[in-house]
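Me: I'd like to learn how to read a structure like this, one feature at a time. Can you walk me through it?

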Amino acid sequence: MSVADARLPRVSTSLDSGPPPQAQATALRRRLAALRGPSTAPRPLDARALAALAANPGCRRRALLDGAGVDKAALARALGSPAVFGQSQFAFMRGNAFEARVKAEGGAALLRLLGVADPQAALVPDLAAAGPEGRAARTALALREATQAGAWTLLDHPMLALQVAGSPVYLEPDAVVVHPGGRWTVVEIKSFPMLDGSADPSKAGAAARQAAVYVLALEHIAAVTKGASVDHSVLLVCPKDFSNLPTASAVDVRRQLSVTRRQLARLTRVGEIASALPDGLDFDMESRSSDELASAVDSVPSAYAPECLSACELAFHCRERARSTGAVEALGRAVRGELGGLSTIAGVLSAARGESGDPDDPAVVALRRAARLRAEALGGRATDDAVRGPGCR
Amino acid sequence: MSLIGALARLEAVESGRARPLATVRHRHLSPRPMVFVPLTTAGEAGAPLGALVGTGRDAPQLLAVAQPRDRDLRFAFLSELAEVLLPYLDGYADGVEPAERGETDPETGKRVKVEVELCADAPQLIVPSGPGIDFVRLLGRSMRFRRTAEQDPGTPYPAPPRVPLLGRWLTHYGERARVPGSSLLLAMTDLLGRHWATGQSRLEDRHLGALLAWIAPPEGGSGAEAALRAETERDREGQLVCPPAGPATDPAFDNGLLAPVMERYDRARQALAAAADGAAADEQLARLTSAEREIRSLLEGVLRPTWDAVWDGVDLLLELPEGPHVADRWKRDRWSFTGHRDRVRAGEPPQPRRDDAVTAARKLAARETAQAQLDAQEALDDPLVLAGRRLAGEAFVGVVADVTMAWSESKRPSPRPLLTLRTQDTPHLGSGVKAYRSLAGRPQSAEFVRYEEDGALVLRLLDRMGRSRDPAEGSVPDVGESVAWTLFEHDQRGGPKLPEPEDTPWTHGGPPRTDAESPDAVTPEDLL
């Protein structure tokens with residue numbers, strides 16, 4: 001059991017109820033393995049996936065599938081609604097080339113951005129080891145040594161372990177720098193540009209959420225390392241303007257950190273969600289037909305919102321379900337917010353036309369006024385607009 | 001989103017096609033817009049991949065970069081783009097009409113009217129989607145600080161002659177697009193989304209193909225199905241049938257089609273450089289040309305559907321009659337164009353990287369004023385927009401039930417008639433709250449007096465009734481007339497006056513620097 005375990009909340013910590021925590025965690029792991037399919041290796045969660053969990057914390061479907069390590073992209077393909085995520089090889093090459101440039105010559109450029117006067121004197125320990133566990137142990141040791149050494153140290157691609165829903169997740173930040181005073185700073189290298197000192201807010205935000213996961217993992221190691229502390233602002237390194245020269249900005253991730261911490265604590269609910277499922281149900285893509293998989297997926301409640309489309313592989317499936325049941329969520333959270341307690345499209349429309357609904361309900365009253373005003377403004381305007389030939393052919 | 005807008009989306013789901021959100025067109029559309037459909041290289045900032053550009057649906061000009069990592073090829077692209085865009089922009093610079101502008105006399109400090117030129121029309125750029133506007137801004141930023149060999153003979157990688165000038169124009173257009181209601185640079189998805197509500201979320205409306213599928217589905221089909229096809233349908237090679245509207249390309253296109261051809265292009269170029277004799281060089285040159293032609297045809301293949309979609313959108317929007325206040329807002333756009341034309345002609349340096357404090361404050365104030373003005377004008381132009389304001393209690397429509405003459409208690413009594421109105425709306429009225437109506441295009445104000453016992457409300461008319469004791473003909477509504485009143489003002493007053501940039505206090509950074517900014521640093525391998 002790694003040191004990280006010591007601080008994570010468990011499903012149950014009372015001594016007189018049920019089996020001891022260790023046994024319970026094992027039981028959960030076994031249950032999740034059964035859900036995934038016995039012959040399938042769990043799909044490792046990375047920091048990006050963990051950060052994306054925060055995008056829709058209310059979704060039990062995503063929490064369970066991610067917690068069980070189900071390959072959601074393959075599942076979406078099996079369900080007939082494949083995800084559209086992909087990375088262009090141009091972007092991939094560019095990202096790698098930029099990172100290599102930043103870290104060239106023992107990370108001289110990177111350390112200079114941190115204000116290190118003599119980058120050549122910085123230590124760059126070798127972190128190679130066998131397997132993720134070995135690398136994580138090697139990283140923890142290197143961090144301890146660097147903190148005691150009191151010199152600038154650059155850890156290139158360290159491996160950090162974080163306990164998520166009872167099983168370890170291995171994370172690989174771009175770099176961690178140890179200051180002489182024992183402070184650890186996470187470095188995130190991205191290839192989107194910082195134009196005149198500011199980067200695309202959505203991309204910078206995603207980088208901050210990802211870095212917050214690394215900070216969280218580091219904090220578990222720092223808690224048992226004497227004289228160590230983790231910097232709550234991370235160093236975001238990006239190309240400057242239109243060049244390939246690196247520039248950096250300190251990004252405060254305290255807010256992202258607390259969000260991620262809360263999300264991960266809630267992930268322990270995975271056990272709860274799993275125990276609520278009927279027996280004999282699983283997401284084994286090798287043995288189940290697409291209909292069986294679909295009904296298995298549907299038995300876990302989801303919280304679809306259009307924002308899922310850019311963050312979750314299953315989003316197209318969930319969207320299709322939301323649309324076929326006429327849920328107003330499919331039209332966006334803003335629409336949902338306008339409609340009070342009415343949750344289906346047919347229900348809202350019939351309430352608006354006065355065919356159903358409680359006439360004393362303020363939401364219904366507002367809806368009927370809106371419908372009346374809209375009809376009045378349109379004033380019997382021809383409802384059928386243009387018809388054109390099929391587009392995009 | 002207002003409840004009326006939400007209702008329109010629900011109706012669209014039910015009927016399977018988009019529902020109107022406006023009864024008139026709220027943006028100016030030029031009879032000869034310049035449509036610009038750009039593509040960018042994934043992962044690179046400011047490395048264009050190609051574009052279709054032109055003022056006629058049937059005559060798009062294809063610009064392509066065979067290898068975006070090559071600075072010379074990128075410059076060639078920008079130079080070609082300047083060849084297309086600058087003559088179009090210049091074409092509007094000389095058609096002028098006389099106009100007056102209020103200026104402060106530097107000697108007396110008084111406001112005086114000055115005779116100036118105002119361009120009679122202005123060039124309009126249309127891009128497919130919001131990211132297209134960002135890309136215009138990015139291109140502008142990447143070009144305007146470049147130096148040409150003529151400007152600075154010692155510059156390491158001189159830009160082609162007209163490229164910095166194009167950068168300044170694109171920067172101006174990108175900045176203008178931030179002003180609410182402006183029409184110099186428009187995104188088709190924003191335009192269509194303003195006028196129609198689809199049966200999908202606003203987020204999904206950012207896909208131009210899906211948005212158009214809802215507004216004008218193929219005959220007999222539903223918008224939902226057509227939109228899903230536009231989003232996800234792929235051909236046998238795994239390529240999207242309806243490619244994204246850019247500037248980002250589909251990764252499957254990059255990896256499956258573009259990258260292999262680009263590699264062939266690179267290999268042929270290397271071999272050409274290393275060719276020992278004429279025959280070998282000819283062979284490699286043929287390979288190079290064929291790879292280049294293939295890249296061009298690949299790019300045209302993914303650009304053309306978006307190009308057609310933008311023009312489809314233009315056609316759909318032209319079917320809507322233009323809102324009465326649109327010309328007024330377009331006039332402000334013409335002022336903006338004329339102002340930048342004058343700055344360029346006066347030889348002013350390119351726009352700075354960051355605005356100084358006074359300029360930034362002015363821009364923000366101008367945008368706030370423009371937003372309030374847009375909200376008011378759209379409501380006055382369009383009963384459907386007004387319906388939303390009525391629902392929110394910010395406007396009401398009432399029938400005049402009674403007119404009682406009354407006069408002010410001054411030495412020369414002016415008419416202050418009392419109107420009794422019946423309305424089903426529920427405006428947020430309290431004592432002293434003012435209401436406005438449009439009288440021959442000018443706002444006439446009234447003051448709320450009281451509610452009658454039967455629920456009718458009483459307003460006192462305050463102005464625009466002439467100077468005599470009796471109100472001028474037609475300035476007071478008749479009994480039985482239905483009048484729309486707003487609780488918001490129709491014209492927006494500007495905020496407090498700001499100091500001149502030279503007088504910026506030290507708390508806000510002091511006076512801005514006046515020297516031209518230095519160009520961006522360049523390295524031998526600029527990208528990657």
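Predicted model: local features only at pLDDT ≥ 70, side-chain atom pairs only at ≥ 80, totals over all residues.

Me: What are the domains of chain B?

Reply: Chain B splits into domain 1 (3–245 + 301–353) and domain 2 (395–486). Taken over C-alpha atoms, the centres of domain 1 of chain B and domain 2 of chain B are separated by 44 Å.

Me: How do I read a sheet? Which order do the 5 strands of the open sheet in chain B follow?

Reply: The general idea: strands of a sheet pair through backbone hydrogen bonds, either parallel or antiparallel. Here the order is S4-S3-S2-S7-S8 (chain B), with mixed pairing. Strands (E, at least two residues) and helices (H or I, at least four) are DSSP runs, numbered from the N terminus, and two strands pair if DSSP finds at least two bridges between them. At the edges sit strand S4 (61–64) and strand S8 (185–187) of chain B, each pairing on one side only. Ignoring direction, neighbouring strands of this sheet are turned by 20° against each other on average.

Me: In which sense do S2(B) and S7(B) pair?

Reply: Strand S2 (residues 34–40) and strand S7 (residues 125–127) of chain B pair in the parallel sense, over 2 bridges. Met34(B) stands opposite Leu125(B) in S7(B). H9(B) packs on the sheet and touches S2, strand S3 (48–54), S4 and S7 of chain B, its direction making about 135° with that of S2(B). Such angles run from 0 to 180 degrees between N-to-C directions, with axes as lines fitted to C-alpha atoms, for helices over the stretch in contact. A contact between two residues needs their C-beta atoms, placed from the backbone, to lie within 7 Å.

Me: And hairpins? How many residues lie between S12(B) and S13(B)?

Reply: That hairpin has 2 residues between the strands, and Ala440(B) takes a positive phi near 50°. Strand S12 (residues 434–439) and strand S13 (residues 442–451) of chain B pair in the antiparallel sense over 6 bridges, and Leu439(B) has Arg442(B) as its bridge partner in S13(B). S13(B) also pairs in the antiparallel sense with strand S14 (residues 457–461) of chain B, over 5 bridges. In S14(B), Val458(B) is the bridge partner of Arg450(B). This hairpin of S13(B) and S14(B) has 5 residues between the strands, with Gly455(B) in the turn at a positive phi of about 95°.

Me: On to helices. At what angle do H8(B) and H9(B) cross?

Reply: Two packed helices are described by the angle between their axes and the distance between the axes. Helix H8 (residues 251–274) and helix H9 (residues 278–318) of chain B cross at roughly 155°, and their axes come within 8 Å. They are therefore roughly antiparallel to each other (under 35 degrees counts as roughly parallel, over 145 as roughly antiparallel, 65 to 115 as roughly perpendicular and the rest as oblique). Their crossing is left-handed, meaning the near helix is turned anticlockwise from the far one by less than a right angle; clockwise would be right-handed.

Me: Which residues meet there?

Reply: Among them are Phe253(B), Leu257(B) and Tyr265(B) in H8(B), and Leu285(B), Ile295(B) and Val302(B) in H9(B). By class, this contact of H8(B) with H9(B) has 16 nonpolar, 1 polar and 5 charged residues (Ala, Val, Leu, Ile, Met, Phe, Trp, Tyr, Cys and Pro count as nonpolar, Asp, Glu, Lys and Arg as charged, and the others, Gly among them, as polar).

Me: Last one, the two chains. How many residues does each chain give to the contact?

Reply: Chain B gives 62 residues and chain A gives 51. H1(B) gives the most to the side of chain B that touches chain A, with 8 residues. For a close-up, helix H14 (residues 362–378) of chain A packs on H1(B) at about 75°, with the axes 9 Å apart, which makes H14(A) roughly perpendicular to H1(B).

Conventions
Residues numbered from 1 in each chain as written. Chains lettered and ligands numbered in written order. Domains from an automatic or database assignment.
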